Amino acid sequence: SLPVVETPSWFTENLNLNKNQKIVVIDDDKTIHQVWNTKLGDIASKNNISIIHFSNPHELRNWIKGNRIDNTLFLCDYEFIGHTANGLNLIEESGISEKSILVTSRFEEENVRTRCDTLRVKLIPKSMAETVPVDIVSCSLSDVDLVHIDDDELIRMSWEFGAKKENKKILSFVGPDDLRAKLSDIPKATP
């Protein structure tokens, strides 16, 4: 059998989405936009999730200037042909690190993974975009009574069951990196 290894800190194990969320896809490859539309289309329509598409950094910068970015997830490419800025530069200068996932075929490059770690940006290899699991968080992030982190699925299920029994809303995460992606949308007073 294969040895069990820890998941790299930069890797996105699943997309945790919530109702009424905006997903912004920034990629100069039209096929990736199709991949996300196919993967998220039904989920988005059932959960009032908007998918917004941009093909270059300039479009994203303009959109950010005129829109609220709370409850937004950015799925950003690394390389934009004809543009000097790369996806990680764009994420950093836009102040959206905790709301972003880099989607790139350059995931094997050490400098890309290291920069993702530094910026606390998760990463999805482009080849895995079609297969990454998607979960819908069952309650609005602003209505959460408790945030729970545990890497044991049975423990998380037990907490979720207990919270439901007490009519409380709990948000469970596998690890701190998963929480970090949603942290800016959760009220600071939430235990």
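**Note on the predicted model**

1. A search of the whole structure finds zero disulfides, a disulfide being a pair of cysteine sulfur atoms within 2.5 Å. Cys76 is in no disulfide, and the nearest cysteine sulfur, that of Cys116, is 10 Å away. Cys116 likewise is in no disulfide, with the sulfur of Cys76 as its nearest cysteine sulfur. Cys76 counts as buried because its relative accessibility is 1%; Cys116 is also buried, with a relative accessible area of 0%. Here buried stands for under 20% relative accessible area, exposed for over 50%, and partly exposed for what lies in between (1.4 Å probe, protein chains only).

2. Basis of the values. This is a predicted model, in which local features need pLDDT of at least 70 and side-chain atom pairs count only at pLDDT 80 or more, whereas totals for chains, interfaces and linings use all residues. Residues are numbered from 1 along each chain as its sequence is written, and side-chain values use heavy atoms, with hydrogens and water left out.

3. Overall form. The protein chain has six helices and nine strands; helices (H or I, at least four residues) and strands (E, at least two) are DSSP runs, numbered from the N terminus. Along the principal axes, the C-alpha atoms fill a box of roughly 55 × 45 × 30 Å. Buried residues make up 45% of the 191 residues.

4. Aromatic pairs. The structure holds two aromatic pairs. Rings of Phe, Tyr and Trp (its six-membered ring) pair if their centres lie within 6.5 Å; planes under 30 degrees apart count as stacked, over 60 as edge-to-face and the rest as tilted. The pair of Phe54 and Trp63 is tilted, because the ring centres are 6.0 Å apart and the planes stand at 50°. Trp63 and Phe74 form an edge-to-face pair, at 6.4 Å centre to centre and 75° between the planes. This pair links distant parts of the chain: Trp63 belongs to helix H2 (residues 57–66) and Phe74 to strand S4 (residues 72–76), eleven residues apart.

5. The aromatic cluster. Ring pairs link Phe54, Trp63 and Phe74 into a cluster. Both Phe54 and Trp63 are buried. For Trp63 the relative accessible area is 13%, and for Phe74, also buried, it is 0%.

6. Second largest pocket. About 220 Å³ of space lies in this pocket. On a 1 Å grid over the protein atoms alone, a pocket is an open set of points where a 1.4 Å probe fits, with protein on both sides within 12 Å along at least five of seven lines; lining residues have an atom within 4 Å of a point. Grid points are joined across faces, edges and corners, and the volume is the space filled by probe spheres set on the points. The lining includes Glu6, Phe11, Lys122 and Asp177. Helix H6 (residues 176–182) gives the most to this lining, with three residues. By class, the lining has four nonpolar, three polar and five charged residues; Ala, Val, Leu, Ile, Met, Phe, Trp, Tyr, Cys and Pro count as nonpolar, Asp, Glu, Lys and Arg as charged, and the others, Gly among them, as polar.

7. An exposed loop residue. Ile81 lies in the loop between S4 and helix H3 (87–94). At 71% relative accessibility, Ile81 is exposed.
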